[in-house]
Amino acid sequence: MAMEVATPVHAPAPSPATNLIVSATTTAVETHKKNRIQVSNTKKPLFFYVNLAKRYIQQHNEVELSALGMAITTVVTISEILKNNGLATEKKVLTSTVGMKDENKGRVVQKAKIEIVLGKSDKFDSLMTPVTKDTVKEEKAVNTEEKPIEAEAKPEGKE
């Protein structure tokens, strides 16, 4: 009786072209994560995230806000503040559920997830005037010009 021996088939070695595609994809993912903010409703105040999102929009022309569970309301609020102030436009909203292991119960629990991508609005640059040392000096000069310091007028004959 003849016996066949199965020999394992090895995957072919990746060609240099495959390596290029992989590195291009990796770079795109890394770039994408640079403008992502993962929001928590317990770690930082709301306006920390609003100001951070403004900075990300300024640097990257868009920002991705991401949250799980109860923090979803915080992400929606941040998004609405930026849109209502004319700083951002809504590009994409994604909702999903994510399986997370509950440490207390030791089982997988489904959590709601939201991702909102906001882009730079046309009015963004005009609304966001950068604060520089020169701007602060100009503001101080304007404030001192409004109230000139004058000697107090005293009635005649009294000192």
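Buried means under 20% relative accessible area, exposed over 50%, and partly exposed in between, with a 1.4 Å probe and protein chains only.

Two remarks on provenance. This is a predicted model, in which local features need pLDDT of at least 70 and side-chain atom pairs count only at pLDDT 80 or more, while totals for chains, interfaces and linings use all residues. Residues are numbered from 1 along each chain as its sequence is written, and side-chain values use heavy atoms, with hydrogens and water left out.

Let me begin with the overall layout. The protein has five helices and four strands; these are DSSP runs numbered from the N terminus, helices being H or I with at least four residues and strands E with at least two. Along the sequence the pattern reads α-β-α-β-α-β-β-α-α. Of the 159 residues, 22% are buried. The accessible surface comes to about 12800 Å², and 55% of that belongs to carbon and sulfur atoms, as computed by the Shrake-Rupley method with a 1.4 Å probe. Contact means heavy atoms within 4.5 Å. Among contacts between residues at least 6 apart in sequence, 67% join residues at least 24 apart.

I turn to the sheet. The four strands form an open sheet in the order β1-β2-β4-β3, with mixed pairing; two strands pair if DSSP finds at least two bridges between them. At the edges are β1 (36–38) and β3 (88–101), each of which pairs on one side only. On average, neighbouring strands are turned by 20 degrees against each other, direction ignored. β4 pairs with β3 in the antiparallel sense over 13 bridges, and with β2, also antiparallel, over seven bridges.

α3 lies across β2, β3 and β4, at about 10 degrees to β4. The axes are lines fitted to C-alpha atoms, for helices over the stretch in contact, and angles run from 0 to 180 degrees between N-to-C directions.

Now the core itself. The largest nonpolar core has 23 residues, and Ile37, Val63, Leu65 and Leu82 have the most contacts inside it. At least two residues each come from α2 (46–60), β2 (62–68), α3 (72–84) and β4 (108–120). α2 gives the most, with six residues. Leu65 stands opposite Ile116 in β4. Beyond its neighbours within four places in sequence, Leu65 is in contact with several residues, including Ile37, Ala53, Val75, Ile78 and Leu118.

Finally, Ser40, in the loop between β1 and α2. Why does Ser40 count as buried? Its relative accessibility is 17%, and therefore it counts as buried. Leaving out residues up to four places away in sequence, Ser40 touches Tyr49 and Ala71. Its side chain makes a polar contact of 3.1 Å with that of Thr42, and reaches the backbone nitrogen of Lys43 at 3.4 Å. A polar contact is a pair of N or O atoms within 3.5 Å; within protein, one must be able to donate a hydrogen and the other to accept it, and residues adjacent in sequence count only if both atoms are side-chain atoms.

Definitions and conventions:
A nonpolar core is a set of buried Ala, Val, Leu, Ile, Met, Phe, Trp, Tyr and Cys residues joined through side-chain atoms within 4.5 Å.
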